[in-house]
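Dear colleague,

Please find below the structure that I am handing over to you, followed by my notes on what was found in it.

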Amino acid sequence: MRDFVPDRFSDWFAARGWSIHPHQQEMLEKAGAPALLLVAPTGGGKTLAGFLPTLAELADGAREGLHTLYVSPLKALAADIRRNLRAPIEEMGLPIRVEDRTGDTAATQKRRQRADPPHILLTTPESLALLTSYEDAPRIFAGLERVIVDEVHALAESKRGDQLMLALARLSRLRPGLRRVGLSATVENPAAMGRILAKHPDPVEIVHADPGPAPDISMLQTAAAPPWAGGGGRHAIPEVLREVGRHRTTLIFHNTRAQAEIFFHHLWLANDEGLAIGIHHGSLSRESREKVEAAMVAGSLRAIVCTGSLDLGIDWGDVDLVIQVGAPKNVKRLVQRIGRANHRYNAPSKALLVPANRFEIVECKAALDAVREGTLDGDAPAHGPRDVLCQHILITACAGPFDADALYAEVTSAGAYAGLARDAFDACLDFCATGGYALRAYDRWQRLVRRPDGLWQLRDPRAAQTIRMNVGTIQDTDTLKVRLKNRAGGKPLGEVEEGFAATLTPGDTFLIGGRVVRYEGLRELTVEVTRRADREPKIATFMGTKFATSTRLTGRILDILAQETWPDLPGHTAEWLALQRRVSRMPGADRLLVESFPHDGRQHVCAYGFAGRNAQATLGLIMTQQMERLGLAPLGFVATDYATLVWGLEALPDARALFAPATLREGFERWLAGNAVMKRTFKASAVIAGLIERNTPRAGGRKSGRQQTFSSDILYDTLLKYDPDHLLMQITREEALRGLVDFGRIEEMLARVEGRIDHVALDRVTPLAAPLFLEPGRVPVEGEGRERMVAEAAERLMEAAGLPR
């Protein structure tokens with residue numbers, strides 16, 4: 001490979017007034033490496049750096065067929081890259097054909113691409129997995145030289161990344177010597193990320209670009225103080241509108257789709273100057289999203305209220321300000337979002353943070369400090385999930401007969417699966433072949449058969465169609481389409497979750513796409529609405545991730561709380577923290593603070609675990625279960641990222657009995673065994689592993705969410721009773737521990753405090769606990785306490801009525 005820039009490319013750079021960046025030159029020089037990871041700031045020309053070797057190798061027109069595969073986490077990002085590549089290819093007159101292949105690509109074009117692949121194919125993990133499932137995959141990838149994985153950090157943190165790495169393992173077996181390239185702006189541990197990217201045990205070379213100037217980032221100063229709890233940034237709307245008016249284009253990020261809808265609604269009501277403002281998130285219809293994207297590119301919008309749908313590296317016009325509403329929960333996510341502003345090399349990004357409530361001021365301060373120091377966060381890479389491996393085995397079988405030894409060697413060449421034991425692989429293979437011990441009598445799960453020559457193949461070749469229809473690891477929340485009601489079928493507006501739709505009655509109003517709509521009825525699994533809105537709207541429930549504060553950011557928050565004074569915080573927040581220290585104690589990194597106090601006729605216990613929202617909610621469930629066993633009559637709890645507040649009828653005498661590690665683990669096991677979280681997790685893993693089908697070739701095509709849940713509940717109960725050690729039950733437990741339950745964070749907290757528990761008994765609510773009384777999402781607990789309340793209420797009622805006891 002030539003280690004210089006071809007003359008044609010140098011001339012093109014010069015004609016545009018550009019010069020090649022050092023990291024782009026280095027990527028050309030190291031293009032022959034088996035694996036390359038480029039870490040470069042947003043706007044630093046990462047994409048061009050990744051493609052320069054490909055363009056140089058294809059410039060002479062001597063190559064036919066697929067040369068480079070580009071994989072991105074977003075369909076829109078693939079389309080955006082195609083638009084951006086068109087300029088250098090057309091302006092330099094390069095004989096290169098570029099196409100994208102995603103879920104939006106027409107079936108006829110997909111068939112043509114298999115017969116006549118372009119030089120460069122832009123795709124997603126799901127579409128790549130499908131391509132590897134065809135019998136002609138060896139021919140399609142016969143000339144493949146390079147794979148470019150964009151935003152590799154975003155893929156590596158999910159099962160989509162595991163699926164992608166297994167697909168790359170397949171490609172490396174088809175094309176020994178295949179070169180891999182990863183691109184990212186936010187990698188906290190490049191060496192660990194490189195091990196995920198590279199074929200195991202190949203080395204990876206890491207290229208670091210100049211990080212550029214530090215971002216211009218601060219907290220937005222507002223006339224009104226943030227609320228004590230909850231909140232969605234509504235207090236800051238006057239100042240947000242002022243900043244929007246001062247800038248060309250502003251992205252206003254929120255952590256959830258519901259928060260984005262609420263904020264957009266109130267922002268629009270306060271928009272007296274009529275500034276052009278749009279909203280963009282994943283639950284809106286494709287037509288609505290594309291309309292906003294086109295307006296962004298054209299520069300006709302002054303602001304866009306958005307979520308993670310605009311996190312990644314798409315160039316949407318001239319954005320010069322990013323506003324993050326609500327604490328970012330994760331430093332890496334904040335850096336990614338900040339990079340959307342001034343998307344140019346060596347231009348500082350400008351961003352403002354808006355804490356949604358009083359405690360988030362502390363969290364935002366911790367995040368600001370981390371960004372300024374260049375410190376990122378992130379979880380250590382996990383072992384490859386076995387439900388994704390089961391799907392990969394089925395995909396392999398679709399492509400033709402396979403040898404188990406060869407497939408095991410292929411799978412363990414993927415970094416996340418490098419440590420996979422052979423018996424664990426064989427268990428997955430047996431599951432794919434028979435369904436497992438308890439299900440092997442059922443014909444529908446007999447999917448693979450071993451031939452006399454030892455190769456494995458599909459028992460029924462027709463099953464390939466169903467397997468392909470269910471490829472993917474993205475878990476769809478059960479949703480219903482929303483359309484405007486009219487005779488022609490109605491304009492699509494987006495989607496809401498089934499559970500939310502079930503609460504609606506005709507005449508109810510809710511927010512979607514920033515507009516208030518009126519529910520008229522349900523027709524053929526479609527929510528029909530009109531624009532007539534005559535009452536206060538409900539907030540639609542949207543699928544999407546609800547973030548928990550990262551472990552590293554939590555550590556920084558605890559460091560701030562440990563300070564003697566807080567001169568860098570607003571006065572009202574510093575006074576609040578100082579009052580907490582005088583009245584009680586301040587939570588510490590190496591101690592667990594537990595407060596107990598009476599309030600409003602109830603006894604309360606507040607545990608400051610700082611373990612993240614999911615883990616604190618799990619802690620609440622375990623605490624109330626244990627308190628019930630101790631006769632303390634708990635009535636309910638509420639959890640935030642930093643604490644769990646439980647209320648009941650009896651005071652807690654000794655916190656040590658409640659928070660002993662053995663007690664918590666025993667309570668967790670007891671709670672987990674009969675909890676609905678397990679069924680929900682089982683359903684997700686069963687769908688990925690192919691035990692439950694979302695889509696079928698039969699008429700009707702897609703099963704409803706309720707049908708899938710009914711099927712999974714029956715299977716879960718059957719396996720729990722007859723085969724509790726079934727592979728899917730093992731996977732379910734592993735996934736529950738690190739997913740919705742997040743018990744691992746509780747384990748981290750227990751290890752951090754090492755039994756050091758500060759139980760402070762007080763006669764009134766404390767300053768730090770007070771905001772928890774205002775939090776939404778209070779969870780009631782059924783048990784002796786509630787039964788006693790009912791009995792006492794009945795007794796008072798009978799007495800008032802003059803009846804004997």
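This is a predicted model: local features need pLDDT of at least 70, side-chain atom pairs count only at pLDDT 80 or more; totals for chains, interfaces and linings use all residues.

Throughout these notes, a residue is called buried under 20% relative accessible area, exposed over 50%, and partly exposed in between, with a 1.4 Å probe and protein chains only as cover. Residues are numbered from 1 along each chain as its sequence is written, and side-chain values use heavy atoms, with hydrogens and water left out.

I begin with the salt bridges, where a side-chain nitrogen of Lys or Arg lies within 4 Å of a carboxyl oxygen of Asp or Glu. The search of the whole structure finds 43 of them. One of these joins Arg468 to Glu135, with the closest N and O atoms 3.8 Å apart. This pair links distant parts of the chain, since 333 residues separate Arg468 in helix α19 (residues 463-469) from Glu135 in the loop between α6 (125-132) and α7 (137-140); helices here are DSSP runs of H or I with at least four residues, and strands are runs of E with at least two, numbered from the N terminus. Arg468 is buried at 17% relative accessible area, whereas Glu135, at 53%, counts as exposed.

Glu754 and Arg756 form another salt bridge, with 3.1 Å between the closest N and O atoms; Glu754 is exposed at 58%, and Arg756 is partly exposed at 27%.

Turning to the strands, β1 (residues 35-39) is largely enclosed by the rest of the structure, because five of its five residues are buried. Ala35, Leu37 and Val39 are buried on one side of β1, and Leu36 and Leu38 are buried on the other. Strands are taken to pair if DSSP finds at least two bridges between them. By that criterion β1 runs parallel to β6 (residues 179-184), joined by five bridges, and Leu36 has Val181 as its bridge partner in β6. Strand β1 also pairs in the parallel sense with β7 (residues 205-208), over four bridges, where Val39 stands opposite His208.

Kind regards
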